[in-house]
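Subject: Structure for your review

Dear colleague,

Please find below the sequence and the structure that I am handing over to you. My findings follow directly after them.

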Amino acid sequence: MWSLINAMLQRVQFHTTIASLQYVIFSSPRIGAPRSQLIFRRQQTNWKQPQRRHQSRKHLVSSYQSQTNMGNIDDIRICVIQPNERQRVLDFLRIHYYHEEPLTIGTEPKQQDQADEEFNMSNINHGTCLMAIHTESEAIVGAVLAGPKGPDEADHLFEEAATEGSSKWGRILKFLACVERDANVCQRYGVQKVLHAHVIGVDRKMRGKNIGGRLMSELMKLGNQLGYELLAADCTSYYSAKMCERLGWECINTVYYRDYVDEHKKPVFVLDPPHECCKTFAVRL
């Protein structure tokens with residue numbers, strides 16, 4: 001199955017934005033709430049692990065990383081991002097993600113809020129974030145940040161959006177809360193423990209080499225090992241949506257930017273083609 005998917009993905013040309021896939025942006029994949037409350041709630045959540053899994057989370061992550069490194073087939077290896085690599089990954093994403101991410105560049109000011117960065121980077125602590133490393137130079141050439149969410153995610157997002165108010169991050173959160181509410185992945189799939197991909201970025205010079213697809217495929221394997229039932233992503237970019245389609249994920253919701261308007265009936269996010277909508281994708285693990 002995976003060999004077939006990987007073979008198909010070799011033909012994929014990522015131009016992302018996840019930004020111009022020319023980044024496979026999962027650009028969004030970005031959901032989340034301003035740190036203080038939402039992150040705390042997620043850290044306190046007592047997820048019930050499936051009975052068949054007897055290894056500790058720490059052991060699973062360690063085992064996964066060593067297996068991935070041993071399985072290199074070219075000059076790129078994929079490994080779990082460690083907390084001490086946070087700044088290095090953030091520097092990479094500031095160049096290869098945020099400058100092209102539709103929700104970031106689609107509204108003023110065209111620069112991400114600090115709260116946006118802090119939330120995305122906080123997911124590293126869950127052991128569910130991966131990076132692609134060029135084995136010769138040891139440079140990061142791709143990264144995906146993912147974290148857990150549950151059935152009450154939309155409520156948390158609306159609460160935090162209200163707290164943030166009219167800030168850029170607050171406007172983005174409100175949009176993502178609407179997307180989360182409409183997609184309603186937990187009820188739709190009858191699951192409680194979901195891994196959500198918030199961000200994926202690929203070095204501009206390395207696009208077209210299926211790095212984004214490999215990162216997402218490895219994230220599926222890691223999520224399964226850690227006991228997650230579903231992997232989801234809100235693709236704010238045209239290119240990241242195409243990537244998920246090629247991976248065989250199910251598209252369960254679409255929100256067009258032209259239809260998401262403010263109190264003056266003007267679109268909140270103004271973007272150039274081909275970025276016309278945010279599509280939510282999911283796949284069972």
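Which residues of the largest nonpolar core touch the most other members? The model is a predicted one, and in it that core holds 31 residues. Those that touch the most other members are Leu 130, Val 144, Leu 215, Met 216, Leu 219, Leu 231 and Trp 249. At least two residues of this core come from each of β1 (76-80), β2 (130-134), β3 (140-149), β4 (194-202), α10 (211-225), β5, α11 (238-247) and β7. Helix α10 supplies the largest share, with six residues. Another core, of 20 residues, lies apart from this one and includes Ala 115, Leu 173, Cys 178 and Val 268. In soluble globular proteins, nonpolar side chains tend to be buried together.

Strand β7 deserves a separate paragraph. This strand spans residues 277-284 and is mostly covered, with six of its eight residues buried. Strand β5 (residues 230-235) runs antiparallel to β7 and is joined to it by six bridges; within this pairing, Ala 232 has Ala 282 as its bridge partner in β7. Strand β6 (residues 250-256) is also antiparallel to β7, again with six bridges, and here Tyr 256 is partnered with Cys 277 of β7.

I turn next to the aromatic residues. The count of aromatic pairs comes to eight. One of them is formed by Tyr 97 and Tyr 98, in an edge-to-face arrangement with 4.8 Å centre to centre and 75° between the planes. Both Tyr 97 and Tyr 98 are buried. Phe 119 and Trp 169 form a tilted pair, with 6.4 Å between centres and 35° between the planes. Because Phe 119 belongs to helix α6 (residues 114-122) and Trp 169 to helix α8 (residues 168-183), this pair ties together parts that lie 50 residues apart in sequence. Are these two partners buried or exposed? Phe 119 is buried, at a relative accessible area of 1%, and Trp 169 is buried, also at 1%.

Lys 193 lies over the face of Tyr 228, at 4.5 Å from the ring centre. Arg 258 lies over the face of Tyr 256, likewise at 4.5 Å from the ring centre; Tyr 256 is the residue whose bridge partner in β7 is Cys 277.

With kind regards

Note on methods: Residues numbered from 1 in each chain as written. Predicted model: local features only at pLDDT ≥ 70, side-chain atom pairs only at ≥ 80, totals over all residues. Heavy atoms only, no water. Buried < 20%, exposed > 50% of the residue type's maximum accessible area, 1.4 Å probe, protein only. Helix = DSSP H or I, 4+ residues; strand = E, 2+ residues; numbered from the N terminus. Pairing = 2+ DSSP bridges. Phe/Tyr/Trp six-rings, centres within 6.5 Å; stacked < 30°, edge-to-face > 60°. Lys NZ or Arg CZ within 6 Å of the ring centre and 35° of its normal. Core = buried A, V, L, I, M, F, W, Y, C linked by side-chain atoms within 4.5 Å.
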